[in-house]
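Let us walk through this protein together, one step at a time. Have the sequence and the 3D view ready, and turn the model as you read.

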Amino acid sequence: MFMKDSRIPDPVLTAMSQGTHIIRAYREHLGYSIEDLAVACGLAAQEIQNIERGLKYNKGYRNRIARSLSIPVGILEAESDISDAA
């Protein structure tokens, strides 16, 4: 069951309910390419792709991505099983 979070826009929730990773859903909702997000948060495009495919990522990446997308870090913290190891 997918829980509704009032902080998350409906188009993002819809994409997530269809299996889209939360970061990809937000990125696409905001009209950012993978490269745009990579530049904004200082990660490589391949790292963003890996995260969006479901690979675990560290807390520092989560914070950088959240800031770049202008979303509360708490939304990503609650998202899933995010480890502190790259």
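A crossing of two helices is called left-handed if the near helix is turned anticlockwise from the far one by less than a right angle, and right-handed if it is turned clockwise. Keep that in mind for later. You are looking at a predicted model, where local features need pLDDT of at least 70 and side-chain atom pairs count only at pLDDT 80 or more, while totals for chains, interfaces and linings use all residues. Residues are numbered from 1 along each chain as its sequence is written, and side-chain values use heavy atoms, with hydrogens and water left out.

Start with the overall plan. The protein has six helices and zero strands; helices (H or I, at least four residues) and strands (E, at least two) are DSSP runs, numbered from the N terminus. Read from the N terminus, the elements follow the order α-α-α-α-α-α. Of the 86 residues in the protein, 36% are buried. Here buried means under 20% relative accessible area, exposed means over 50%, and partly exposed lies in between (1.4 Å probe, protein chains only). Now consider contacts, meaning heavy atoms within 4.5 Å. Among the contacts in the protein with a separation of 6 or more, 45% are between residues 24 or more positions apart.

Next, look at how helices pack. Two packed helices are described by the angle between their axes and the distance between the axes. The axes are lines fitted to C-alpha atoms, for helices over the stretch in contact, and the angles run from 0 to 180 degrees between N-to-C directions. Angles under 35 degrees count as roughly parallel, over 145 as roughly antiparallel, 65 to 115 as roughly perpendicular and the rest as oblique.

Take helix H1 (residues 10-17) and H2: they pack at an angle of about 140°, and their axes are 9 Å apart. H1 and H2 are therefore oblique to each other. The crossing in which H1 passes H2 is right-handed. On the H1 side, the contact is made by Pro 11, Val 12, Ala 15 and Met 16, and on the H2 side by Ile 22, Ala 25, Tyr 26 and His 29. These residues divide into seven nonpolar, one polar and no charged. For this count, Ala, Val, Leu, Ile, Met, Phe, Trp, Tyr, Cys and Pro are nonpolar, Asp, Glu, Lys and Arg are charged, and the others, Gly among them, are polar.

Ala 15 is buried, with a relative accessible area of 18%. Not counting residues up to four places away in sequence, Ala 15 touches Thr 20 and Ala 25. Its C-alpha atom is separated by 9.5 Å from that of Glu 28, 13 residues apart along the chain.

How many salt bridges does a search of the whole structure find? It finds three, where a salt bridge is a side-chain nitrogen of Lys or Arg within 4 Å of a carboxyl oxygen of Asp or Glu. In one of them, Arg 24 meets Glu 28, at 2.7 Å from N to O. Arg 24 and Glu 28 are four residues apart in helix H2 (residues 22-29), so about one helical turn separates them. Arg 24 is partly exposed at 39% relative accessible area, and Glu 28 is partly exposed at 41%.

Glu 28 also forms a salt bridge with Arg 27, the closest N and O atoms being 3.9 Å apart. Is Arg 27 buried or exposed? With 6% relative accessibility, Arg 27 counts as buried. Arg 27 has a salt bridge with Glu 52 as well, at 2.7 Å from N to O. This pair links distant parts of the chain, since Glu 52 is in helix H4 (residues 45-52) and Arg 27 is in helix H2, 25 residues apart. Glu 52 is buried too, with a relative accessible area of 13%. Through shared partners, the salt bridges join Arg 24, Arg 27, Glu 28 and Glu 52 into one network. Leaving aside neighbours within four places in sequence, Arg 27 is in contact with Tyr 32, Ser 33, Ile 34, Leu 37, Glu 52 and Leu 69.

Finally, follow Glu 52 into another helix pair. Helix H3 (residues 34-41) and H4 pack at an angle of about 110°, with axes 8 Å apart, and are therefore roughly perpendicular to each other. Ile 34, Glu 35, Leu 37, Ala 38 and Cys 41 in H3 meet Ala 45, Ile 48, Gln 49 and Glu 52 in H4.
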